[in-house]
Amino acid sequence: MKTISIVITVAAIIISCLGLLQFIIYNKTYVDVFTKKDNKSLRISYIILYVINILTIAASIVTSEITSSLVALIGSIFAVLSIIMIKKTTSEVKEISIDLSTMLVNAIEFREKNFKGHSNYVTELVCLLYKYIPKERQNEINFINLKVACLLHNIGMLGISDDILNKEGSLTYDEWQLMQIHPIVGKDILMNFHDFECICEWVYYHHERIDGNGYYKMPGDKIPYPSKMIALADTYSAITSKRPHKEKKSYEEAIKILKECKGTQLDEELVDIFVNIPKEEVTRCADMA
């Protein structure tokens, strides 16, 4: 009987270790999918679950009773299954979030013939840039949040009239002033959705400049890093896309302009990273948008 108890306890320990590994992977991969607050509560719940699991395993080791060992085994299995289920659910939720954001963007850009495909283009560029930024920066930014922020960075265009959005030619000073309110409108819209609160600031500051001369005069060192990434991609997209008042420029011309803008309009580190990404990877983004 004692041998059976030991075997069951060992099995419980192995399963518990596998579950712990899953927990670590889960936190690295899915943490902060929407908001830090929600995931903090989730992590605490799993920590409590594993503390209880460890205590039951310890009890089975001390008592060497089959009943205690079985309780420990069941607890370990339950912990692993719980993590597997929450990973599956979270994965499905994040995919739904991206799909809904994409659908919303397509609906918005349907009325904006001058910006059709722009948000998807910016998203592809930022996702590419994300692959090349330093690892410590990647660890600071949740990729799913970043992707959703890129897709929705121009959601504030809902507050701009069709006459301005679809104007054939350059905007007047007054029209340009009205256009500049779209980040505020975007932030106000996103603030109404709990799941999008964490990306509001990124969207709000995506037209800020490193030299502090952006829409809202935010100093460069105060601009969120994801906003700087979106600003760079937004600029490249604008340069290489055809607009009513200008023809699109080539990759080489765009890279030259980005280099001229670094340290003033755009973040110097990000520009240096972007211009060194292989040309074929950058140009492919337009086809994927």
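Which backbone oxygen does the side chain of Thr240 reach? I opened the predicted model to find out.

**Entry 1: Thr240**

I looked up the side chain of Thr240 and found that it reaches the backbone oxygen of Tyr236, at 2.8 Å. Next I asked where Thr240 sits. I found Thr240 in the loop between helix 11 and helix 12 (251-261). Is Thr240 buried or exposed? Its relative accessible area is 12%. Buried means under 20%, so I wrote down Thr240 as buried. Then I listed the contacts of Thr240, leaving out residues up to four places away in sequence. Thr240 touches Tyr121, Lys248, Lys249, Ser250 and Ala254.

**Entry 2: Ile257**

I moved on to Ile257, which lies in helix 12. I checked its relative accessible area and read 23%. Which residues does Ile257 contact, apart from neighbours within four places in sequence? I noted Ile239 and Lys249. I also checked the C-alpha atoms of Ile257 and Ile239. They are separated by 8.5 Å, and the two residues are 18 residues apart along the chain.

**Entry 3: Lys217**

Last, I turned to Lys217. I located Lys217 in the loop between helix 10 (200-204) and helix 11 (225-239). Its relative accessibility is 54%. Exposed means over 50%, so Lys217 counts as exposed. I then looked up the phi of Lys217 and found a value near 60 degrees. That is a positive phi in a residue other than glycine. I wrote a reminder beside it: most residues other than glycine have a negative phi.

Technical notes:
Residues are numbered from 1 along each chain as its sequence is written. This is a predicted model: local features need pLDDT of at least 70, side-chain atom pairs count only at pLDDT 80 or more; totals for chains, interfaces and linings use all residues. Side-chain values use heavy atoms; hydrogens and water are left out. Helices (H or I, at least four residues) and strands (E, at least two) are DSSP runs, numbered from the N terminus. Buried means under 20% relative accessible area, exposed over 50%, partly exposed in between (1.4 Å probe, protein chains only). A polar contact is a pair of N or O atoms within 3.5 Å; within protein, one must be able to donate a hydrogen and the other to accept it, and residues adjacent in sequence count only if both atoms are side-chain atoms. Contact means heavy atoms within 4.5 Å.
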